[in-house]
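Colleague: Could you take me closely through one part of this model, keeping to what was computed from the atoms? I would like one connected account.

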Amino acid sequence: MLFLSATVGGFVEVIIKKNSPVPVEKGHIFTTSADGQEKVVVRILEGDSPRADENNELGVIELLDIRPAPRGTIKIEVTFDISVDGILEISAKNLETRKEQRSKLTLFGT
């Protein structure tokens with residue numbers, strides 16, 4: 001199983017690769033995709049397809065109050081952390097303000 005984050009255009013960015021040993025923590029830095037963007041929506045997916053809509057959506061994190069700026073200016077770090085107990089912690093952090101949104105999921109069958 002891969003853990004993914006959806007990107008603009010309907011594709012995914014692989015955060016944790018299939019068969020990664022646990023515990024594991026991986027992250028990726030994304031940027032805003034539109035001028036003046038004031039929020040970022042991170043879709044958390046699980047699956048094997050490079051297309052977002054062909055994977056299972058596990059949840060969504062919204063990072064609000066992004067400073068309006070030209071596209072690509074604001075950096076958002078998305079981190080996935082899986083414990084040996086099957087707990088997936090996801091965080092999305094605005095690297096400019098350090099404001100962060102977190103969520104936890106319990107994984108079954110890992």
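Modeller: A polar contact is a pair of N or O atoms within 3.5 Å, where, within protein, one must be able to donate a hydrogen and the other to accept it. With that in mind, and remembering that this is a predicted model, let us look at Ser91, whose side chain is joined to the side chain of Glu100 by a polar contact of 3.4 Å. Ser91 lies in strand 7, which covers residues 87-94, and Ser91 counts as buried because its relative accessible area is 7%, where buried means under 20%. Once its neighbours within four places in sequence are left aside, Ser91 is in contact with Glu77, Val78, Thr79, Glu100, Gln101 and Arg102.

One of these partners, Val78, leads on to the largest nonpolar core, which has 20 residues and in which Ile76, Val78, Phe80 and Ala92 touch the most other members. The elements giving two or more residues to this core are strand 2, strand 3 (24-31), strand 4 (40-47), strand 5 (56-63), strand 6 (75-82) and strand 7, and strand 6 gives the most, with four residues. Ile76, not counting residues up to four places away in sequence, touches His28, Ile29, Phe30, Val40, Leu63, Ile66, Ala92, Lys93 and Asn94.

Methods
Residues numbered from 1 in each chain as written. Predicted model: local features only at pLDDT ≥ 70, side-chain atom pairs only at ≥ 80, totals over all residues. Heavy atoms only, no water. Buried < 20%, exposed > 50% of the residue type's maximum accessible area, 1.4 Å probe, protein only. Contact = heavy atoms within 4.5 Å. Core = buried A, V, L, I, M, F, W, Y, C linked by side-chain atoms within 4.5 Å.
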